[in-house]
Structures are given as structure tokens and as C-alpha cells.
Amino acid sequence: MADAARDVADRMAEAARAWLDSLDAGRREVAAGPAPAPGTPGEAEGERTRWYYTPTDHGGLTLHQQRPAQHRLAMRLVASGLSEAGYVTVATVLGLENVLDHVEGFSVNWGRERARDPGMYYLRVFGEPGGPRPWGWRFGGHHVSLNNLVVDGRVAATTPCFLGADPAASPLLGGSTLRPLGTAEDMARELVRSLRPEAAARAVLLPRAPNDIVAGNSARVGDRVIRRGELWRPGTHIPDRAEQPSTGLDGDERRALALTPAPKGVPGAELDPAQRELLRALLGAYLDRVPDGVSPLPRYDDPAALDAVHLAWAGPTAPGEPHYYRLQGPRLLIEWTNVHRGVNHAHAVWRDPETDFGGDVLAAHHTAHHAAPHAAHHPNGL
């Protein structure tokens with residue numbers, strides 16, 4: 001059987017090399033970052049594990065800074081890490097910047113030529129693509145953050161993986177509606193509304209929704225309060241009330257919705273067969289963002305794995321009301337909010353709380369290749 005994780009890594013490496021080789025020395029310096037190394041996310045690795053989903057500097061070379069041919073090669077690399085549906089969704093989210101500009105009357109001014117800008121998406125490659133050492137790449141901008149790591153020639157990590165949509169719903173000709181993330185909203189609402197009253201009471205953790213996802217853009221998932229200002233890179237646009245919690249929650253409300261090692265809510269083990277089928281389909285709306293063979297979705301073919309996934313909700317369950325939900329289990333955290341702009345601004349993130357950015361894989365690689373018996377074979381280290 002073919003090794004899909006290796007095949008995807010090969011396509012990534014080919015696309016990354018082609019893109020980097022198309023750049024002049026100045027642009028390549030901006031586009032390239034240091035090779036991934038083991039350590040505490042956000043500290044030892046610094047830039048690679050610093051991520052955002054706001055319209056701030058994500059680090060790397062923007063699409064604006066590239067010629068059309070280079071832009072095409074950049075998008076080829078982005079596509080290599082996504083399923084077809086994932087790539088179409090990402091491309092749509094980029095295009096929504098034009099729609100959002102129109103919604104806001106082309107009036108937002110953050111001290112740059114254009115605030116809502118489909119050219120302000122950043123790509124950076126870390127390390128040498130296809131080489132013997134670990135390498136990775138990141139693509140991000142407003143409502144997109146894709147983080148990929150390759151170790152020993154195989155895709156080792158694809159999280160954090162964030163997508164958002166503002167507007168979450170937009171009119172199209174003929175009376176239809178563009179909803180890039182709509183399925184993830186509709187299936188979750190259907191699932192929570194299908195619960196028995198006792199289970200629904202445990203699933204709904206709070207009667208009102210938080211302003212944003214609870215884990216924010218933390219390098220490591222935990223219970224630390226994320227402040228609004230942390231969602232923007234220092235030195236760039238900082239919102240008002242920067243010191244307030246990004247969720248808008250404090251005290252008992254924050255504790256009710258806080259992330260804990262033991263998941264809150266209702267486990268898949270308590271769902272009936274139809275609800276379990278819906279839960280697995282909802283997982284697919286997130287985990288199928290990446291190619292087959294890289295996605296962990298088949299893990300949930302195991303009934304025990306699906307049993308351990310917990311559904312939690314905050315806010316009303318009626319359509320059109322501000323709401324939040326999450327799915328949490330071993331090596332899984334999915335968070336969703338749709339609160340702002342009249343419940344027309346969605347955030348949807350998939351994370352691996354145990355090994356976002358592939359920290360465990362990097363540590364294992366470092367141990368295996370730096371042990372004394374193998375040191376002579378790897379004189380350059382990581």
C-alpha cells in the first residue's frame with residue numbers, strides 16, 4: 001500500500017522548492033525560516049509556532065510581494081497540503097476579503113493601503129524542503145492559518161488548521177447563498193438539538209456564546225486566558241480593549257467554558273447510531289481539509305475513538321443566534337464560533353492538543369538521530 005503521508009510530503013517538497021527557486025535573494029530571505037527543532041512551542045522554535053488568524057502580519061512573503069508566476073507557485077504549495085474541497089474553501093476565504101471590504105463600505109483604515117486585502121496572505125518555508133532534516137511551511141492571513149511539518153520524508157503534523165468566514169453567508173445570483181463553512185455550523189446545531197433533554201443540559205455549558213474560540217492563537221492548548229491584543233503580532237494593528245479576554249468571558253463564565261484535560265460536554269458513547277453518524281460527518285468537515293492518507297478521520301472508524309469525542313455548546317441552539325461549540329477528545333480539539341456581525345462571522349479551528357506543530361515527532365526524531373550510535377551519520381544535526 002502506498003504511503004500517502006510520504007507522497008503528500010514529496011508533492012509539498014517539490015512545490016516548495018519550485019516556489020523558493022523562483023524568488024530573488026531578497027524575497028527568499030523573507031520567505032525562508034529556520035529548520036524546525038524540538039522544544040517548547042512558542043519558545044525554542046519561536047516564529048514557526050507563533051500563529052495568527054487575524055488580519056495581521058503572519059510572517060513570510062505576502063502574495064502582493066510576488067510576481068504572478070510566483071503567486072501561482074505559492075498557491076500550488078498551498079494546494080499540496082489540502083484536499084480538493086479544502087483548497088476550494090481556502091481560496092474562497094481569500095476571496096471573501098473583497099466581499100468584506102464591500103460590506104464595510106470600503107471604509108476600514110488600519111494605516112495601510114487596504115485593510116481588507118486578498119493579497120495580504122503570507123507564506124514561509126522552514127528548513128530545506130525535501131532534505132534529510134525536518135522542514136515545514138506555513139500559509140496564513142485573515143481567517144486562514146495552515147501549519148505543516150514534514151519529518152523523515154512524511155507529513156507529521158497539519159495543525160493548528162484555522163479557517164474563518166466573514167461574511168459567513170453571502171448572497172449569490174439566483175437566490176442561493178455562499179456559505180464556505182456552513183456545513184460545519186448546520187451539522188453541529190442539528191446534533192445538539194437532537195440530544196435528549198438530560199444530555200442537552202450537560203452539552204450546553206453556558207447560556208451565552210463567547211466572543212471567540214477559547215484557545216485563541218495559543219502555541220500550546222491550555223487554560224491560559226488569551227487577551228485580544230495577543231491575536232495581533234506586536235507592532236501591527238492592535239484592537240481596542242487589547243487587555244480584555246478575547247472570549248469576553250471572565251469569572252464563573254470563563255471557568256464554565258474553560259478547556260480542561262477531561263473534556264466537558266456529552267461523549268459520543270452516549271449518542272444513538274444516527275447521532276454518532278452525524279458526529280463523524282461533523283468531524284469530516286474539519287479533518288477532511290487535508291488530503292486522504294494525512295487526515296486522521298479514519299481513526300474514528302473505531303467505535304472506541306468516536307466514543308471519546310465530547311460535544312460541548314454555548315449559547316442558544318436556535319438558528320440565527322450567537323453560538324459556540326467544540327469537539328474534544330484524545331489528540332483532538334475543534335472549536336467554532338459564529339457571534340459577530342449579526343451572527344455572520346465564523347471561526348473554525350482544528351487542533352491537536354498533544355502535538356500541535358508536531359512537537360512530539362520532532363522530539364522523537366531528535367532522539368533517534370542524535371543518539372551516540374548514529375551521531376556520525378548526522379554531523380550537521382537538526
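User: Hi! Which helix does alanine 91 lie in?
Analyst: Alanine 91 lies in helix 4, residues 84-103. Helices here are DSSP runs of H or I with at least four residues, strands are runs of E with at least two, and both are numbered from the N terminus. This is a predicted model, where local features need pLDDT of at least 70, side-chain atom pairs count only at pLDDT 80 or more, and totals for chains, interfaces and linings use all residues. Residues are numbered from 1 along each chain as its sequence is written, and side-chain values use heavy atoms, with hydrogens and water left out.

User: Let's zoom out. How many helices and strands are there?
Analyst: The protein has 11 helices and 15 strands. Its radius of gyration is 21 Å, close to the 21 Å from the globule rule for 382 residues, so the protein is as compact as a globular protein of that length. That radius is taken over C-alpha atoms, and the rule is 2.2 Å times the number of residues to the power 0.38. Of the 382 residues, 52% count as buried.

User: What box do the C-alpha atoms fill?
Analyst: Roughly 65 × 50 × 45 Å, taken along the principal axes.

User: Now strand 7. Where does it run, and how many of its residues are buried?
Analyst: Strand 7 covers residues 161-165, and five of the five are buried, so the strand is largely enclosed by the rest of the structure. Cys161, Leu163 and Ala165 point one way, while Phe162 and Gly164 point the other way. In a regular strand the side chains alternate between the two faces of the sheet.

User: Which strands pair with strand 7?
Analyst: Strand 5 (residues 144-151) runs antiparallel to strand 7, joined by three bridges. Strand 15 (residues 346-351) also pairs with strand 7 in the antiparallel sense, over five bridges. Pairing requires at least two bridges found by DSSP.

User: Which residues partner leucine 163?
Analyst: Valine 144 is a bridge partner of leucine 163, and alanine 348 in strand 15 stands opposite leucine 163.

User: Where is histidine 345 found?
Analyst: Histidine 345 is in the loop between helix 10 (340-343) and strand 15. With 15% relative accessibility, histidine 345 counts as buried.

User: Which side chains make polar contacts with histidine 345?
Analyst: Histidine 143 does at 3.0 Å, and histidine 347 does at 3.2 Å. A polar contact is a pair of N or O atoms within 3.5 Å; within protein, one must be able to donate a hydrogen and the other to accept it, and residues adjacent in sequence count only if both atoms are side-chain atoms.

User: Last one: what caps the N-terminal end of helix 8?
Analyst: Aspartate 272 does, with a side-chain oxygen 3.1 Å from the backbone nitrogen of alanine 274. Helix 8 (residues 273-287) has 15 residues, and its end C-alpha atoms are 21 Å apart, in agreement with the 21 Å it should span at 1.5 Å a residue. That expected span is 1.5 Å times one less than the number of residues.

Definitions and conventions
Buried < 20%, exposed > 50% of the residue type's maximum accessible area, 1.4 Å probe, protein only.
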